[in-house]
Each structure stands twice: as C-alpha cells, then as structure tokens.
Amino acid sequence: LGGDRVVGVGDSTVIEAGAVGVMPRRGTVRIAWASGRSADLPIEVMAGVSGRFARTIENVQESFEYRVRLNDGRGAPVRVRAVPRPAVAALACRQACPAYTGLGTVALAEGDLRVLAGARLLVDVTATKPVVEGVCRFAGAETSIPLRVDPRDARRLSVDAGTLPRGASGFAIHLTDADGLTSKDPVVYRLETVPDRPPALAVSAPERRDELVTP
C-alpha cells in the first residue's frame, strides 16, 4: 500500500500491506538499500485492523526498495527515495528606513534584527537546494508573506516584507522543493521594533568618568 514515495533524510516512513486469504501472524519485508546492503525485517499485523500489516522504518538515511512477503504472497517492489529537506543556507536582512531619516537602505546583522519603526524589512534567502516556493511567517502576528523565487537560480529567494506587522516578535522561512518536501523545524529569527527617538549624546573621550588634575 502507498506505492513509491519520497521521504526526507532523517524522517520515518511506514511500510504497509493489505492481504486476503489465510493470514499469518506476521510477515517479512525485504529491504535493499541503495548502498548495496539488504535486510529481512518482520512486519506485524496492525492492531484492530484485519488483513493489514505495517512496519515503521525510523531515521531513513538513504534510498531503498522493499517487497513484502505474507505466507506465499509477494508484494510488488516499492521504491522509497530519500532526499534532504530544503533549509536556509544563508540569510541577509536589510531595512529601508523612512525617507525623513535620510539613511536609505541599511544592512542588519543576523543576530541583531532591530528594525526602526516605519522601516521596511527586506529579506534575501539562499536555500540549500532548488525550491519551488517559500513563505516568510511572522511569529506573534500570525502573518505569512510569500517569497519570490529567482527564475535564474531556484536556490535564491527574496521578499519585501514591508513594515513589521503589529506584535511580530520574529520570523521563520518555510521552503518547499519540487518533491513537495518542506522545511523541518526552521530557525525563528528574533525581531525587535525600535521606536524613533530624539538623538542622544554619549561621551566617548575621555573613557574615565573622573580625571585627576594637579594645579
């Protein structure tokens, strides 16, 4: 049951088979891994479901093919292709400051995403693999904005997120590849909105607050 499929590397997948006729207590699933190794594993009857057998393969690290054997019944070969899930390889953020500040567009440090109130957040993403779509989801605001995929390089995406939504405390990048696999546990980048205040002064020299002066 289920047929050929694609799973993310490190994910689990369930081998499932249905049968009619004389039912064994258990069957066997023969797995042939892409690396050349093979194994015969038991496949058990599903609790409360007549004629249904299942086996979970945990933490899949490579592609494999399997066939299920139940008594003298043989299932057709099924192929499972393991591919890495898409993830963010690099992230660059900028803020387009309000015109009255005269600051233009300013780069933001990845670990210090403090955005001036009224500024627009610009995000550039480099993915670990080509993707078909991406979404920027804001934590605390329950708002999502689609990213634009570069038609010349499907690993690069960008978005002008505009001014930060009210209550936004961070954002995460969710990516989807051509196989339909999505990002898993994406990093949430913390955001802070900084209100505009009057300029403040700080004495930079001398560094000491007190100096001893001899008449």
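A salt bridge, as I use the term today, is a side-chain nitrogen of Lys or Arg within 4 Å of a carboxyl oxygen of Asp or Glu. The general idea is that side chains of opposite charge can pair when their charged atoms come close.

Before I go on, please keep in mind that this is a predicted model, in which local features need pLDDT of at least 70 and side-chain atom pairs count only at pLDDT 80 or more, while totals for chains, interfaces and linings use all residues. Residues are numbered from 1 along each chain as its sequence is written, and side-chain values use heavy atoms, with hydrogens and water left out.

Let me start with the charged pairs. Searching the whole structure gives 16 salt bridges, and I will take you through some of them. In one, the side chains of Asp-150 and Arg-152 meet with 3.5 Å from N to O. Where do these two residues stand, buried or exposed? Here buried means under 20% relative accessible area, exposed means over 50%, and partly exposed lies in between, computed with a 1.4 Å probe on protein chains only. Asp-150, at 16%, counts as buried, whereas Arg-152, at 77%, is exposed.

The next salt bridge joins Arg-37 and Glu-62, again with 3.5 Å from N to O. This pair links distant parts of the chain, 25 residues apart, since Arg-37 sits in the loop between strand S3 (26-33) and strand S4 (38-45), and Glu-62 sits in the loop between strand S5 (52-57) and strand S6 (64-70). Strands (E, at least two residues) are DSSP runs, numbered from the N terminus. Arg-37 itself is partly exposed, at 48% relative accessibility.

Now to the cysteines. How many disulfides does a search of the whole structure find? With a disulfide taken as a pair of cysteine sulfur atoms within 2.5 Å, the search finds zero. For Cys-93, the nearest cysteine sulfur is that of Cys-136, 8.3 Å away, and Cys-93 is buried, with a relative accessible area of 4%. For Cys-97, the nearest cysteine sulfur is that of Cys-93, at 14 Å, and Cys-97 is also buried, at 12%.

Definitions and conventions
Helices (H or I, at least four residues) and strands (E, at least two) are DSSP runs, numbered from the N terminus.
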